[in-house]
Amino acid sequence: MPITTRAAVLWGVGEDWKIEEVTLDDPRAGDVLVKMAYAGMCHSDEHAVTGDLPLGLPVIGGHEGSGVVEAVGEGVTSVAVGDHVSMSFIPSCGRCKWCSTGRQYICDEGAKLFDLGMMSDGREAHKIGDQAAFRYAQVGTFSERILVSENSLVRVEPDLPLDVVALVSCGVATGFGSATERAGTKPGDNVAVIGIGGIGINAVQGARAAGAKRVIAIDPIEFKREQAMQFGATHTYSSVEEAMLAVPDLTWGDMCDRVILSTGVVHGDMIDPALNLTSKGGTLVVTGLAPMLESDAQMNLFMFSMMNKEVKGTVFGSTNPRAQIPNLLSMYREGELKLDELITNRYSLDDVNQGYADMREGKNLRGVVEFA
Ligand SMILES: [Zn+2]
Ligand SMILES: [Zn+2]
């Protein structure tokens with residue numbers, strides 16, 4: 001029996017999210033029906049609204065979330081009815097070349113993330129009236145119920161609060177891993193994080209957890225700089241230019257061994273200033289999303305080679321969702337990771353546009369949609 005649910009849907013670039021009634025197909029082989037508890041309001045969904053990420057439309061928004069399994073299709077073995085789950089917008093099949101060599105974050109199933117059909121069998125299983133709907137990253141968490149592949153779900157311990165479970169499914173894992181795994185922060189390093197949103201604040205936490213000596217947080221908004229100090233930053237600046245005036249003295253001429261670029265939108269003209277903040281032999285990690293069609297980046301190529309620097313991209317902080325989501329939650333349980341403090345505001349599904357307005361104004365570290 002197909003069921004209907006309410007979801008926040010984008011019909012066109014530059015428009016508001018609209019609440020629609022969506023019909024979901026029954027779960028078939030490999031599919032899971034989840035009753036949502038919380039959805040995180042990540043900047044990446046905003047990229048669909050601005051058109052920086054051109055998506056098929058209409059699309060059900062949201063890719064961070066948590067919930068409880070309500071029904072499973074044939075052959076589903078990794079979760080059962082009643083299990084608490086975290087979404088993972090990065091799917092992991094466990095069998096492709098990348099999964100089987102410890103790199104679930106670049107699983108081949110990721111190629112289907114923006115398909116109209118289900119990841120399992122390609123059928124169109126989400127309908128608004130007669131029209132088939134896309135789901136952001138094959139999850140579409142701004143919905144009271146979601147029908148997803150089991151590849152996109154990670155089972156979590158049932159006593160963990162589901163609001164923090166929602167956060168580790170994207171922003172926390174991506175930011176934390178950017179500092180620990182991709183940048184490879186070591187004890188004693190100087191680390192700079194440029195852009196303190198849902199990603200950057202967790203890069204600050206990751207750098208601190210990895211033993212950085214100085215964690216330099218850069219953001220134009222005072223609230224974000226204050227929050228960064230609460231999450232482990234040692235110094236804050238309002239711009240890269242301001243940091244460039246102070247960091248040479250602060251680091252005794254060393255500059256920053258690791259720099260993480262996690263602004264809301266990345267542009268090519270941000271690369272050279274970030275590399276100037278990076279030490280000789282240092283690493284710049286680009287975590288934030290640039291507009292999909294932007295292909296120019298400015299950097300001084302002479303200094304790049306002669307100063308032996310590297311620039312790396314990352315998705316999901318270059319960590320494996322099936323290992324890292326439970327790992328981060330156990331760090332939270334032991335008091336080693338701040339998650340409750342990340343949630344600035346809570347919204348109902350009907351207030352999702354207000355949540356994004358607050359994000360744009362810099363009021364939120366993270367807003368969450370709370371389902372009744
Ligand atoms: Zn995200
Ligand atoms: Zn795979």
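Predicted model: local features only at pLDDT ≥ 70, side-chain atom pairs only at ≥ 80, totals over all residues.
Me: Which residues of helix H5 are called buried, and what makes them so?

Reply: Within H5 (residues 222–230), the buried residues are Lys224, Gln227 and Ala228. The class requires 20 or more other C-beta atoms within 10 Å, so each of these residues reaches that count.

Me: How do you know on which side of H5 Lys224, Gln227 and Ala228 lie?

Reply: Around the axis they cover an arc of only 105°, which places them on the same side of H5. In general, an α-helix has 3.6 residues a turn, so residues three or four places apart point the same way.

Me: What do the buried residues of H5 pack against?

Reply: Their partners are helix H4 (200–209), strand S13 (214–218) and strand S14 (235–237). Just after H5, Gly232 has a positive phi of about 115°.

Me: What makes up the contact between domain 1 and domain 2?

Reply: The domain assignment gives domain 1 as 3–169 + 339–370 and domain 2 as 174–315. The contact draws 15 residues from domain 1 and 14 residues from domain 2. On the side of domain 1, helix H1 (residues 43–50) gives the most, with three residues. That side divides into eight nonpolar, four polar and three charged residues.

Definitions and conventions
Residues numbered from 1 in each chain as written. Chains lettered and ligands numbered in written order. Domains from an automatic or database assignment. Contact = placed C-beta atoms within 7 Å. Helix = DSSP H or I, 4+ residues; strand = E, 2+ residues; numbered from the N terminus. Nonpolar A, V, L, I, M, F, W, Y, C, P; charged D, E, K, R; others polar. Buried ≥ 20, exposed ≤ 12 C-beta atoms within 10 Å, placed from the backbone. Arc of directions from axis to C-beta.
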